[in-house]
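Please look over the sequence and the structure before reading on.

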Amino acid sequence: MTEKDWEEIKENLRDKFFEKFNESSSHDFIKYVEKAHKNKDVLLECVTKYGSPLYVLDEDFLVERAEGLFKAFRIKKKNIEVFYAFKSNDLPYMINILKNKGLHADVAGLFELMLALRLGFDKIIFTGPFRTDEEIELCIKNSDRVFLNIDNKDELDLILEKLDKKKIKKPLMISFRLNLNKNHEQWGKFGLELNQLKEAVLKVKNSQKAVWKGIHFHSSWNSSPEKYVQNIKDMSEYLEKFFSEDELSDLSFVDIGGGFMPEGFGSFFSSSEKGKLMEIANKPFENRISFNMADSIEIFADTIIKEIEKSIFGEKRLDLELWIEPGRYISSLPTSILLKVLSVKGGNIYVDGGINLLGSSNFDFEYVPVINISRPSKTENKSKIYGPLCDPDDHWGNRYFGEKAKPGDILAVVHQGAYTFSTAWRWQKPIAPYVSFNNSKVKIVKDRETFEDRYSGCKFE
Ligand SMILES: Cc1ncc(COP(=O)(O)O)c(C=O)c1O
């Protein structure tokens, strides 16, 4: 099949599938390549000092992401609170920087909660379906700074029963996670149905030891603000219809979760529905990529806040706070993974770090620039880049920017801060160290996993 045939087929298929595929070339990613080129000396210094593979955090870039998001929302509405989602990256050093910038903590499990307490956060929201007794007890013990975001009726009953038997410093601050993602079956496991909310709120109101503070929803991977707008509308309509002003009197925040998609990512055509079909018809097109289009954070902020102001919250409760829980928007871009080329054979490249550093095989469908910082150039080469794991899925994509790689070269995989370090697999290789730089000063902020870390608590006979 020729390029011309492809153009025809593409035209015919355009309306067959709903999904957008904005065919892209590497120039859409050049600004990220240039940034890596600008940082190449400090990145190479990280490897010289601490070896490879490595996670490397650019601190200034992290602060820029957090401040950019704050500014976009605060410029439109003053009472906004930002809760950083620890699950996207739970590196304590990084979280501490965000805390110093005024972010609060969004945690999803026991260790994240313990970490937030240890780092001294004074506002922590704990969201997660199906919590353990130990997690609930820790929330109750810290009821002066933890908001427990309740997922279901059984959990509410259990918590109220526990509270009944306890002496507590302060009534436990409760919010309810709502399941508003109608068209998303896989998210159906989370939260209360809207029609269960009233009964749940009344139960809390009848307790002296708990107070209803907030209402919450979350939806992931939003490239535009539509889902937030729909969810705010649904929630508002329900509250307006079924709650009196008096019943809403303790409500002090609405939390719209995270899910703001960051820029700087692409996907492989072969992983789309159209692409799969095309792949069956013609293999050579598997290498096509798309630059994922995401609205700017300013558009998210503007549209969401307009809807909030229009809704019941704006009219009846002007002092209601808006809470957001960004994870990947803040943490993904500032971290790169650095890998050393060990071998170049049969046109493929073999590096010393595997997808255990990610905890997923994202590179089957996701594209981000991989950059040879030892031989920088803006030309792109097509070569499959394999990691060292005994797993055929262990690869970092099909292309890289730079001159032809040779053994010993260092490749930077950019935008690797979200759902990588926090989801890394304990599998075959040690978890890599985390290094951070600020004004070209390099320091280690988490040591490489040791044999003792890996087998801690294991009996050897
Ligand atoms: C309740 C909640 N809040 C926040 C987040 C963070 O989402 P993201 O990293 O996409 O911003 C998640 C992610 O799953 C979540 O479940």
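## Terms and model

A pocket is an open set of grid points, on a 1 Å grid over the protein atoms alone, with protein on both sides within 12 Å along at least five of seven lines. A molecule sits in a pocket if more than half of its atoms lie within 2 Å of the grid points of that pocket. The model described here is predicted.

## Ligand site

The ligand sits in the second largest pocket. Around the ligand are 15 residues, and the closest of them are G259, E325, G327, R328 and Y419. By residue type, this shell divides into three nonpolar, seven polar and five charged residues.

A polar backbone atom of G259 is 2.8 Å from an oxygen atom of the ligand. For G327, a polar backbone atom is 2.9 Å from an oxygen atom of the ligand. D106 has a polar side-chain atom 3.4 Å from a nitrogen atom of the ligand. On its own the ligand has 400 Å² of accessible area, and the protein covers 92% of that area.

Four strands form an open sheet in the order 1-11-10-15, and their pairing is antiparallel. Strand 1 (23-24) and strand 15 (366-367) each have a single partner strand, so one side of each is left without a neighbour in the sheet.

Strand 10 covers residues 266-268 and pairs with strand 15 in the antiparallel sense over two bridges. Within this pair, G266 stands opposite Y367 of strand 15.

Terms used. Residues numbered from 1 in each chain as written. Predicted model: local features only at pLDDT ≥ 70, side-chain atom pairs only at ≥ 80, totals over all residues. Heavy atoms only, no water. Near = heavy atom within 4 Å. Polar contact = N/O pair within 3.5 Å; in protein donor to acceptor, adjacent residues only side chain to side chain. Areas by Shrake-Rupley, 256 points an atom, 1.4 Å probe, with all protein chains shown as cover. 1 Å grid on protein atoms, 1.4 Å probe; cavity = no way out; pocket = protein on both sides within 12 Å on 5 of 7 lines; lining within 4 Å. Nonpolar A, V, L, I, M, F, W, Y, C, P; charged D, E, K, R; others polar. Pairing = 2+ DSSP bridges.
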